[in-house]
Amino acid sequence: MNSTSTPNSPSSPNRTKSAIGSTTDTTTGTTTVITNIGSLVTNDPSLGDGSPLGLVLDAAVVIEGERVVWTGENSKAPATDNRVDAGGRAVLPGFVDSHSHLVFAGDRTQEFNARMSGRGYTAGGIRTTVAATRAATDAELEANLTRYLREALHQGTTTFETKSGYGLTVEDEARALRIAAAHTDEVTYLGAHIVSPDYADDPAAYVALVTGEMLDACAPHARWIDVFCEKGAFDGDQARAILTAGQAKGLHPRVHANQLSYGPGVQLAVELDAASADHCTHLTAADVDALANSRTVATLLPGAEFSTRAQWPDARRLLDAGVTVALSTDCNPGSSFTSSVPFCVALAVRDMGMTPDEAVWSATAGGAQALRRTDVGRLTPGAHADLTLLDAPSHVHLAYRPGVPLVSGVWRRGVRIV
């Protein structure tokens with residue numbers, strides 16, 4: 001999942017990291033047409049029906065190497081070396097999951113069970129995961145990571161971001177990022193997830209560590225820096241210090257913002273030109289206006305609200321104000337233990353006021369914008385050939401048939417892998 005927009009995400013034109021960490025050679029002049037597509041989501045409004053989805057009916061896509069080289073009506077497709085018949089099914093860009101926490105050990109089943117049963121739970125929340133992650137070997141952490149990546153891949157995710165944040169020591173944060181970087185270039189340093197339990201009595205010393213020795217060790221392995229700007233985590237001043245220190249090291253900011261309460265996270269994200277403000281549940285009119293007049297994407301994470309029975313983000317309010325919205329899983333063991341973007345699409349349509357078209361756009365093109373990417377999240381010439389084939393005639397079935405395993409084929413960088 002190579003990115004070409006920053007020196008912190010080096011890429012090779014002919015080789016690509018797989019979803020389980022191996023490398024596939026995609027140097028080839030061979031062309032393949034996927035033909036007889038019932039409905040094709042291109043995310044190019046100049047194509048097809050002229051909507052943001054750029055929906056083309058009775059369509060075809062031509063792939064050469066790892067790129068899309070032609071998109072259009074089936075009857076006009078050029079001759080190719082190989083042909084795949086979609087059988088009238090829908091094709092859309094591979095999902096872009098721009099927010100996940102996949103380097104961890106253990107789970108928090110008891111916590112979830114207690115919460116869903118209406119009982120109080122005091123086992124330590126995120127600190128439980130921190131303890132398990134610190135105790136795990138590198139091999140155990142990587143095996144866990146690749147397990148969830150395979151899950152996501154079989155549900156159509158072809159690009160993903162993931163974070164550190166469950167080590168909270170210099171060594172554990174750095175190794176989390178090294179492990180993640182073997183599988184994606186969209187790696188985020190989140191030493192500022194919570195104040196480490198080791199520094200519970202001296203948060204200022206922990207901020208100094210996060211912006212000093214820990215940052216020095218982690219920056220070479222990351223593209224992004226993130227902070228949980230929230231009561232009980234880091235306040236606005238601490239978050240600004242952490243993000244600006246990361247910027248000085250060449251990392252670009254993202255912000256966990258306004259999830260649990262109103263606060264300064266969204267405004268800080270816009271001030272620092274963060275690629276995304278993530279969660280965005282509790283927003284003032286000024287927050288919405290700031291997002292609408294910025295490049296910062298509001299990344300909504302409905303799996304978290306589903307798993308915690310919290311207030312749903314108001315996607316309709318954001319969209320009507322002109323805010324760019326992304327949808328992602330927030331896959332993590334505590335508050336959103338799902339790797340399924342289709343599930344999140346269904347939740348967003350059912351409970352957050354989005355239309356099926358808006359939800360699919362947000363899970364593809366929106367996720368790409370949240371990563372400042374133009375080479376994924378769309379199916380037009382020059383884009384990476386990352387495609388998802390549904391066992392359904394339309395992308396609307398992702399919300400219409402929630403929970404059904406509709407993904408029947410996945411191409412990543414031009415290679416069919418599902």
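Leaving aside its neighbours within four places in sequence, which residues is T281 in contact with? The legend to Figure 1 gives the answer, after a short note on the model.

This is a predicted model, in which local features need pLDDT of at least 70, side-chain atom pairs count only at pLDDT 80 or more, and totals for chains, interfaces and linings use all residues. Residues are numbered from 1 along each chain as its sequence is written, and side-chain values use heavy atoms, with hydrogens and water left out.

**Figure 1. Close-up of T281 and its contacts.** T281 sits in the loop between β15 (276–279) and α9 (285–292). Helices (H or I, at least four residues) and strands (E, at least two) are DSSP runs, numbered from the N terminus. T281 has 7% relative accessibility, so it counts as buried; buried means under 20% relative accessible area, exposed over 50%, and partly exposed in between (1.4 Å probe, protein chains only). Setting aside neighbours within four places in sequence, T281 is in contact with N258, Q259, E305, Q311, W312 and P313. Contact here means heavy atoms within 4.5 Å.

Figure 2. A180 counts as buried because its relative accessibility is 1%. Not counting residues up to four places away in sequence, A180 touches V103, L145, T162 and V187. S164 is 16 residues from A180 along the chain, and the C-alpha atoms of the two are separated by 8.3 Å.

**Figure 3. Helix α3 and what covers its buried residues.** The 16 residues of α3 should span 22 Å at 1.5 Å a residue, and the end C-alpha atoms are 22 Å apart, so the two values agree. The expected span is 1.5 Å times one less than the number of residues in the helix. Buried in α3 are L141, N144, L145, T146, Y148, L149, A152 and L153. Their cover includes α2 (126–135), β9, α4 and β19 (407–412). L145, one of these buried residues, is also among the residues that A180 touches.

**Figure 4. The largest cavity and its lining.** The structure holds two cavities of 30 Å³ or more, and the largest has a volume of about 60 Å³. On a 1 Å grid over the protein atoms alone, a cavity is a set of points where a 1.4 Å probe fits but cannot get out, while a pocket is an open set with protein on both sides within 12 Å along at least five of seven lines; lining residues have an atom within 4 Å of a point. Grid points are joined across faces, edges and corners, and a volume is the space filled by probe spheres set on the points. Lining the largest cavity are D97, S100, L102, Y148, L149, A152, T157, F160, T329, C331 and S339. The elements giving two or more residues to this lining are α3 (138–153) and β9 (157–160), and α3 gives the most, with three. By class, the lining has six nonpolar, four polar and one charged residues. Ala, Val, Leu, Ile, Met, Phe, Trp, Tyr, Cys and Pro count as nonpolar, Asp, Glu, Lys and Arg as charged, and the others, Gly among them, as polar.

**Figure 5. Strand β3 and its partners.** Eight of the 10 residues of β3 (residues 31–40) are buried, leaving the strand mostly covered. β3 pairs with β4 (residues 56–64) in the antiparallel sense over seven bridges; two strands pair if DSSP finds at least two bridges between them. β3 and β6 (residues 82–85) run parallel, joined by four bridges. I34 has V61 as its bridge partner in β4 and V84 as its bridge partner in β6. Two bridges pair β3 with β7 (residues 90–93) in the parallel sense, and L40 stands opposite V91 in β7.

Figure 6. The elements that give two or more residues to its lining are α1 (109–116), α2 and α10 (302–308), with α10 giving the most, three residues.
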